[in-house]
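Thanks for coming. I will take a few minutes on one model, and the sequence and structure are on the screen.

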Amino acid sequence: MGRIDLRTVDLSRFVGGQIEAQNEVERYIYRGEISAIRMEGNSLMVELAWMAKGEGFPPIPTRWVVSDNKPYRASLEIYSVSNIGPSSPEVGGGDRICLQSWVVNETTVLFPADGSRMDPTKVEGLVIPA
């Protein structure tokens with residue numbers, strides 16, 4: 001575990017996985033499913049199949065509601081990037097990547113396709129195409 005350079009990571013293992021971005025200062029938490037992920041110059045670009053916003057955060061979301069599928073972008077100039085290992089022995093899966101910015105007070109975690117998942121059926125207002 002420890003600091004890594006995203007330009008050297010095989011990002012394809014996160015397609016079908018999920019992303020969670022949270023900021024306690026601005027009081028938001030989002031979780032969504034990754035449909036595409038890539039580096040563009042010095043920025044990480046993540047496109048989402050769906051996205052949910054947690055209401056009641058902080059401390060813990062009391063419910064999840066559908067949110068716009070906006071792409072997520074993080075400039076590596078203001079984020080530090082670390083490998084934080086698998087979710088847990090119970091969940092298993094590959095290693096997660098954590099992006100943390102003290103500039104914007106955001107912590108973002110990338111979960112691989114075989115890692116921890118939020119159940120999209122628990123998201124109010126979300127319609128998943130068959």
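Tyr28 sits in strand β3. Keep in mind that what you see is a predicted model. Is Tyr28 buried or exposed? Its relative accessible area is 16%, and the limit for buried is under 20%, so Tyr28 counts as buried.

What does Tyr28 touch, once neighbours within four places in sequence are left aside? The contacts are Ala21, Gln22, Asn23, Phe57 and Glu106.

The partner is Tyr30, with the two ring centres 5.6 Å apart. Their planes meet at 50°. Planes under 30 degrees apart would be stacked and over 60 edge-to-face, so the Tyr28 and Tyr30 pair is called tilted. Tyr30 has a relative accessible area of 24%, which makes Tyr30 partly exposed.

From Tyr28 I go across to the prolines. Pro58 is 30 residues away from Tyr28 in sequence, yet the C-alpha to C-alpha distance is 7.5 Å. Pro58 belongs to the loop between β4 and β5, the latter covering 63-67. Look at the backbone here. The peptide bond from Phe57 to Pro58 is cis, and its omega is near -15°. The bond that joins Pro58 and Pro59 is cis as well, with omega about 10°.

Pro59 is in the loop between β4 and β5 too. How accessible is Pro59? The value is 68% relative accessibility, and the cut-off for exposed is over 50%, so Pro59 counts as exposed. Pro59 and Glu24 are 35 residues apart along the chain, and their C-alpha atoms are separated by 8.2 Å.

Two other backbone points. Arg27 is not a glycine, but its phi is positive, at about 60°. Arg27 is placed in the loop between β2 and β3. Asn105, also not a glycine, has a positive phi of about 60°. Asn105 is in the loop between β8 and β9, where β9 is 106-111. With 36% relative accessibility, Asn105 counts as partly exposed.

Which residues touch the most other members of the largest nonpolar core? They are Leu6, Leu99 and Leu110, out of 20 residues in that core. Two or more residues each come from β2 (18-23), β3 (28-40), β4 (43-55), β6 (72-75) and β8 (96-101). The most come from β4, which gives four residues to this core.

Take Leu99 as a way in. Not counting residues up to four places away in sequence, Leu99 touches Leu6, Leu44, Ala74, Leu76, Tyr79, Ser80, Val81, Glu106, Thr107, Thr108 and Leu110. There is also a second, separate core of eight residues, and it includes Ala52, Phe57, Trp64 and Leu126.

Now Gln100, which lies in strand β8. Its relative accessible area is 25%, so Gln100 is partly exposed. Beyond four places in sequence, Gln100 touches Ile78, Tyr79, Ser80, Glu106 and Thr107. Gln100 and Gly54 are 46 residues apart in sequence, and 19 Å apart in space, C-alpha to C-alpha.

Rolling a probe the size of a water molecule over the atoms shows where empty space is left. In this model, the largest pocket has a volume of about 240 Å³. Which residues of its lining are closest to the centre? Of the 16 residues in the lining, they are Tyr30, Met51, Lys70, Pro71 and Tyr72. Tyr30 is the ring that pairs with Tyr28.

Strands β2, β3, β4 and β6 each supply at least two residues of the lining of this pocket. The most come from β3, which gives four residues. By kind, the lining divides into eight nonpolar, two polar and six charged residues.

To recap, Tyr28 is buried, its ring forms a tilted pair with that of Tyr30, and Tyr30 is among the residues closest to the centre of the largest pocket. That is all I have.

Notes: Residues numbered from 1 in each chain as written. Predicted model: local features only at pLDDT ≥ 70, side-chain atom pairs only at ≥ 80, totals over all residues. Heavy atoms only, no water. Core = buried A, V, L, I, M, F, W, Y, C linked by side-chain atoms within 4.5 Å. Buried < 20%, exposed > 50% of the residue type's maximum accessible area, 1.4 Å probe, protein only. Contact = heavy atoms within 4.5 Å. 1 Å grid on protein atoms, 1.4 Å probe; cavity = no way out; pocket = protein on both sides within 12 Å on 5 of 7 lines; lining within 4 Å. Points joined across faces, edges and corners; volume = space filled by probe spheres on them. Nonpolar A, V, L, I, M, F, W, Y, C, P; charged D, E, K, R; others polar. Phe/Tyr/Trp six-rings, centres within 6.5 Å; stacked < 30°, edge-to-face > 60°.
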